[in-house]
Amino acid sequence: AKNKAPDMPETPIVLRKDLTALALWAPRTRTDARGHAEVSVKLPESTTRYRVMAIAAADATKFGSGEANITARLPLIVRASPPRFLNFGDKFELSVVVQNQTDKPMTVSVAARALNAAVDARGRRVQVAPGDRAEVRIPSSAKSPGKARFQVAAGSGHHADAAEFDLPVWTPATT
């Protein structure tokens, strides 16, 4: 048996990468004899609400449409709320929000890392009530002009999530 620290998530943390806005485009779907059509879709890894629209046409005068929503979510979601850009040398607090989508309270471990930026590498723990969210602020600073890449991760038992984002790091026009 492997030795594992008791505070580590039991599920590996996987970075969501497929954040495509369009989940499916199926312009030539045919209906059956009863006028029904079925399309399978694999949703991207975004945790968001997707709008589903269907438009039907038959002959030159028969048209119809319908609309519905699908919400993609995870039991535990981590979202960063970074600034739009940084100037090199900036010091700031990176806001990370963790959301508990379950019906049980969670003790969530949160961590961050970065390239071309410094983040306080100490992990943090936060209690999140069922269906609620909590904010964690991580002291950070920009290193040099270019691009800074950040990764934030959260884990609690069998639930884990991670996100990655880039920020431009500018040279300020004045000191």
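**Strand pairing and salt bridges in a predicted all-strand chain**

Strands E6 and E10 pair in the antiparallel sense, over 7 bridges. Pairing here requires that DSSP finds at least two bridges between two strands. Strands themselves are DSSP runs of E with at least two residues, helices are runs of H or I with at least four residues, and both are numbered from the N terminus.

Some ground rules before I go on. This is a predicted model in which local features need pLDDT of at least 70 and side-chain atom pairs count only at pLDDT 80 or more, while totals for chains, interfaces and linings use all residues. Residues are numbered from 1 along each chain as its sequence is written, and side-chain values use heavy atoms, with hydrogens and water left out.

On confidence: pLDDT is the predictor's confidence in each residue, on a scale from 0 to 100. The chain average is 87, and 90% of the residues score at least 70. Residues 1-6 have pLDDT below 50, and this stretch has 2 contacts in the model beyond near neighbours in sequence. A contact means heavy atoms within 4.5 Å. Where pLDDT is low, the predicted coordinates should not be read in detail.

Now the overall content. The chain has 0 helices and 11 strands. Of its 175 residues, 29% count as buried. Buried means under 20% relative accessible area, exposed means over 50%, and partly exposed is in between, with a 1.4 Å probe and protein chains only. Taking contacts between residues at least 6 apart in sequence, 62% join residues at least 24 apart. The chain exposes about 12200 Å², of which carbon and sulfur atoms supply 53%. Those areas come from the Shrake-Rupley method with a 1.4 Å probe, and for residues only the protein chains shown count as cover.

Back to the sheet. Which strands does the open sheet contain, and in what order? The order is E4-E11-E10-E6-E8, 5 strands with mixed pairing. Strand E4 (86-87) and E8 stand at the edges with a single partner strand each, so one side of each is left without a neighbour in the sheet. Strands of a sheet pair through backbone hydrogen bonds, either parallel or antiparallel.

Next, charges. A salt bridge is a side-chain nitrogen of Lys or Arg within 4 Å of a carboxyl oxygen of Asp or Glu. By that rule the count is 9.

Arg 149 is in strand E10 (residues 146-156) and Asp 166 is in strand E11 (residues 159-170), so the pair ties together parts that are 17 residues apart in sequence. Arg 149 is partly exposed, at 31% relative accessible area, and Asp 166 is partly exposed at 33%.

Salt bridges that share partners also join Glu 93, Glu 135 and Arg 137 into one network. Within it, Glu 135 and Arg 137 have their closest N and O atoms 3.4 Å apart. Glu 135 counts as partly exposed because its relative accessibility is 43%, and Arg 137 is partly exposed with a relative accessible area of 43%.

Are Asp 120 and Arg 124 buried or exposed? Asp 120 is buried, and so is Arg 124. They form a salt bridge with the closest N and O atoms 3.0 Å apart.

Arg 133 touches Val 97, Val 98, Gln 99 and Val 128, leaving aside residues up to four places away in sequence. Arg 133 and Ile 77 are 56 residues apart in sequence, and their C-alpha atoms are 9.1 Å apart in space.

Last, the surface. Leu 24, Val 39 and Val 41 make a nonpolar patch of about 210 Å². Patches are made of residues with over 30% relative accessible area and no salt bridge; like charges are joined within 9 Å, and nonpolar side chains (Val, Leu, Ile, Met, Phe, Trp, Tyr) within 5 Å. Leu 24 is in the segment before strand E1 (49-58), and counts as partly exposed at 39% relative accessibility.
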